[in-house]
Amino acid sequence: MEFLLNFVERTGAKAVGWWNTSYGVLAFLSEVLSTLARPATWNRATLDTIVKQIYFTAVQILHIYLIYVLAISWVIITITLSTARDVGLFDAATEMIIRVLLLELLPFLTALLIALRSGSAINTEVALMKVNNELDALSHCKVEPMQFEFLPRIAGGIASVIGLTVLGGVLTLFLAYLSIYGLSASGFQAFSNTISTVFSVGVLIGLGVKCVFFGLAVTTLPMAAGLETPKKLFMVPVSVLRGMMRVFLALVLIEVLSLTLEYI
Amino acid sequence: MFKNLHLKVGLFVITVLVLALAFLAYVLHARGFFEQRMHLQLAAASAEGITPGMPLTFSGMSIGQVTSVDLNDAGGIVIKSEISQSGAKWLRTDSTFNLDKPLVGGAKIKVSSPDLSSPQLPDGSTVLLQISDPAQEIPALIERVKNILANVEHITRQDGELNSTLANANTITARMSGKYGVLEGVLGSEENARPVVESLKNLEGLTAKLNEVSAKVDAMLVKTDRWLFAEDGVSEQSRQALAQVRAMLVDAQGSLKRVDELLKNAVDISANVKDGTQDLAKLRADIDDSVRKANDLLNDINRMWPFGSDAADMKLP
Amino acid sequence: MKSLADEQTAQVSPDLPLRANLSARENIALIPLYQKHFDAAEASRQAQALLEQLGFASIADKRDPDMNPSERFAAKLARALILRRPRLVIERPGAMLYDIHYPVFLRGLAARYEGKPEKWEVFDFDWNRPLYS
């Protein structure tokens, strides 16, 4: 009996914990959106900080990212082509590459890279700001940390996921064309036809929306986790751990959701 | 440092924007946004296996795609498709549209224009989409051919009826041409003549049976012609294969006729006895050959389906 | 304590640290930039001017960890002054200025400063009263 009671109590505590977490994240998100909608937000200072954030999130890792995309794309294109040749589905290889690599894998890996690099940094920084009372100091000065600390990071994160995905996607397309048809224009018509089959207006919009959500997830979730940190220094690593776990779950959820919407 | 930062970010953002816009323009171009596309309506009995995005190919090159599949108010199938401007010039009034659904790989609609001098197909016209699915009809056909060939093989195999009969005849003629020659044949005429006559009857029965088989194949081929060739649906290969079956059976029939004649000769013992035995040996070789041919053909047919409809597909009728 | 944290009071307190990844000038400039909506150059100029007035122009580009207690205090004070609130409260100065005789230091700063508020309030522990005499 006592065991059962304990079990119910633990479940209840967990449910309340989850509820509080989701509520915190959603409240934070709604604050982000309301700040975004305020015209006063969009001044020169905000834009400057966004530029800085794009620099730290995307431009600084551009060369590493491109090498990484090149390697992954090359491996996957090669495997797909040789498998397709073996089972006699070579015609479908282009479409397979575009669908798997360009629409799914590339945005996902980009978001994952940014989450690993910038998301964890954001989480730590926000947690430290919270623990060190810096946030209280800012609120005493009536300077909204949302506008100059959080929002630029979110906007920068979204812009970076989109920007890097576009660059990586174009690189992958070139690589795919070269791998399939070599250095000749002969396959251009067929390639264009496949592209036109895959990229309907809906798919293009879906890809954009997915990138935006990825960008939101890799920045807002670490921030929300950082803001939740109790004012104890030893809780900072725990906060980062929780935040990054949530980012990972959110990325998988977004990916599964987008696949469900696209194929079911 | 700060200025450098702005420069780099500016470069990054501009590159991304330019590439994104270029890609968008490319997709729109590929989707025919900038060119006048030709629209075709395809009428079909069933929309099974037809999906939007399915390519239309001419000589293996993609020239357009299916845009939508709908039911009209009368319950008919309306398949709308778009053809690129460059592809539209290959469409003639006598072009045929076939749904090609291989067992492995994506389905497509094959367009063939037998006569490129006929007038161009106008925009917005409605054409008939022929749905022939060799994958479904050929196996049944093959099954029947297999049965017939098994039959022939049964008749002509080493320990089969025909061979034992021939061996019989062989012994008799051998005995006739043996040490005691014609004398024994004459002396034992009543006893020895009986098996010969029986063998002969047997053989006549066999040839009748073979004739029947051959007639069956003929009938089947006529049926196949009506049933597949009418729609131009079956591949060149299957037609060749069936022609081969037929030729082989005619061959077998011819051989057996020769057995018939030869055995008639055998009855006329005093005649060309020695030549007769040689002929009999040759005949057996002939029959063995026929059996081997039949086996080869079976193998051929097995190999041709269902994995080999590529090569012959593009031949114009 | 609660009464101090209203919108009419600018506080200098050990509990209200500077933003750690910004320089002293940037920390001060945040207020004209985001609260009074000056542009970046003007906000920066105001912050620099205030630091110069207090005699701490040299710390403009230093970040929190690179400053000594007096410099850190000066930056916090400048941030509180630029808020232009009617009251200025310096809370527990001993906790921030632990290595100097801070009443003298505070008086020196107050003498240099020319703007409002003219009167600064200091909240300190009772046992530190002799230091101010």
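This is a predicted model: local features need pLDDT of at least 70, side-chain atom pairs count only at pLDDT 80 or more; totals for chains, interfaces and linings use all residues.
Entry 1: Residues are numbered from 1 along each chain as its sequence is written, and chains are lettered from A and ligands numbered from 1 in the order in which they are written.

**Entry 2: elements.** In chain C I found five helices and three strands, taking helices as DSSP runs of H or I with at least four residues and strands as runs of E with at least two, numbered from the N terminus. Read from the N terminus on, chain C runs β-α-α-α-β-α-α-β. Chain A, in turn, has nine helices and zero strands.

**Entry 3: contacts along the chain.** I counted two residues as in contact if their C-beta atoms, placed from the backbone, lie within 7 Å. Among the contacts in chain C with a separation of 6 or more, 71% are between residues 24 or more positions apart, and for chain A the corresponding figure is 86%.

**Entry 4: a helix pair in chain C.** Two packed helices are described by the angle between their axes and the distance between the axes. I looked at α1(C), residues 24–34, and α2(C), residues 40–53, whose axes come within 8 Å and cross at roughly 120 degrees; the axes are lines fitted to C-alpha atoms over the stretch in contact, and angles run from 0 to 180 degrees between N-to-C directions. The two helices α1(C) and α2(C) are therefore oblique to each other, since angles under 35 degrees count as roughly parallel, over 145 as roughly antiparallel, 65 to 115 as roughly perpendicular and the rest as oblique. Among the residues that meet, I noted I28(C) and L33(C) in α1(C), and A43(C) and L50(C) in α2(C).

**Entry 5: where chains A and C touch.** The contact takes 17 residues from chain A and 17 residues from chain C. On the side of chain A, α2 (44–57), α5 (134–140) and α6 (145–181) each supply at least two residues, and α5(A) gives the most, with five residues.
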